[in-house]
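Good morning, colleagues. Please look at the chain on the screen while I go through it.

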Amino acid sequence: ITTNGCPNHYSFCTGKSGISGCGGIGQAGSETEAREKSTAKDIPAMPVIANTPTDIECHPGEVAIALNGVSIYSGWVSPVCNLLNVTDPTAEWQSFDYC
């Protein structure tokens, strides 16, 4: 998979009212924070299930890639492995790009 990492869907910035071009909580802004990051991933033609499972809950980087080439990340949000809290209205999920 070769990708530039930019989403192929609506992706205006939201939840960051103090940032130029971003909307407030629940409101789409006028710009995106998506940036190009050219990447190439090799996927085996005949993938196999791993012998040992890998815990990705506290992995701070990509954990998967979508068919359109966009990276998928874990719920990790800090170095001490605090996970995303979707019940907290002030949590990081409020500032994810509006899709």
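Lys41 counts as partly exposed, because its relative accessibility is 27%. Which residue forms a salt bridge with Lys41? The partner is Glu62, and the closest N and O atoms of the two are 2.7 Å apart. Glu62 is likewise placed in the partly exposed class, because its relative accessible area is 26%. The two residues come from separate parts of the chain: Glu62 belongs to strand β3, while Lys41 sits in the loop between β2 and β3, so the pair ties together parts that are 21 residues apart in sequence. Side chains of opposite charge can pair when their charged atoms come close. A search of the whole structure finds 1 salt bridge.

Let me turn to the overall architecture. The chain contains 4 strands and 0 helices, so read from the N terminus its elements follow the order β-β-β-β. Of its 99 residues, 20% are buried. The chain exposes about 7,300 Å², and carbon and sulfur atoms supply 57% of that area. As for contacts between residues at least 6 apart in sequence, 41% of them join residues at least 24 apart.

Next, the strand pairing. Strand β3 covers residues 62-65 and strand β4 covers residues 71-73; the two pair in the antiparallel sense over 3 bridges. Within this pairing, Ala64 stands opposite Ile72 of β4. How many residues lie between β3 and β4 in their hairpin? There are 5 residues between the two strands, and Gly69, in the turn, has a positive phi of about 90 degrees.

Leaving aside neighbours within four places in sequence, Thr3 is in contact with Lys37, Ser38, Thr39, Ile65, Asn68 and Gly69. Asn8 also relates to Gly69: the two are 61 residues apart along the chain, and their C-alpha atoms are separated by 9.3 Å. Asn8 is located in the loop between β1 and β2. Is Asn8 buried or exposed? With a relative accessible area of 62%, Asn8 is exposed.

Thr39, one of the contacts of Thr3, is part of strand β2, which spans residues 39-40. Thr39 counts as buried at 19% relative accessibility, because the limit for that class is under 20%. Beyond its neighbours within four places in sequence, Thr39 is in contact with Ile1, Thr2 and Thr3.

I now come to the loop between β2 and β3, where Asp55 and Ile56 are both found. Asp55 counts as exposed, because its relative accessibility is 65%. What does the side chain of Asp55 reach? It extends to the backbone nitrogen of Glu57, at 3.0 Å. Ile56 has a relative accessibility of 39% and therefore counts as partly exposed. Not counting residues up to four places away in sequence, Ile56 touches Val63 and Ser74. Ile56 and Trp76 are 20 residues apart in sequence, and from C-alpha to C-alpha they are 9.0 Å apart in space.

Finally, a word on confidence. The mean pLDDT of the chain is 77, and 89% of the residues reach 70 or more. Where in the chain is confidence lowest, and where is it highest? The lowest is in β4, at a mean of 81, and the highest is in β3, at 85. In general, where pLDDT is low, the predicted coordinates should not be read in detail.

Note on methods. Residues are numbered from 1 along each chain as its sequence is written. This is a predicted model: local features need pLDDT of at least 70, side-chain atom pairs count only at pLDDT 80 or more; totals for chains, interfaces and linings use all residues. Side-chain values use heavy atoms; hydrogens and water are left out. Buried means under 20% relative accessible area, exposed over 50%, partly exposed in between (1.4 Å probe, protein chains only). Contact means heavy atoms within 4.5 Å. Accessible areas come from the Shrake-Rupley method with a 1.4 Å probe; for residues, only the protein chains shown count as cover. Two strands pair if DSSP finds at least two bridges between them. pLDDT is the predictor's confidence in each residue, from 0 to 100. A salt bridge is a side-chain nitrogen of Lys or Arg within 4 Å of a carboxyl oxygen of Asp or Glu. A polar contact is a pair of N or O atoms within 3.5 Å; within protein, one must be able to donate a hydrogen and the other to accept it, and residues adjacent in sequence count only if both atoms are side-chain atoms.
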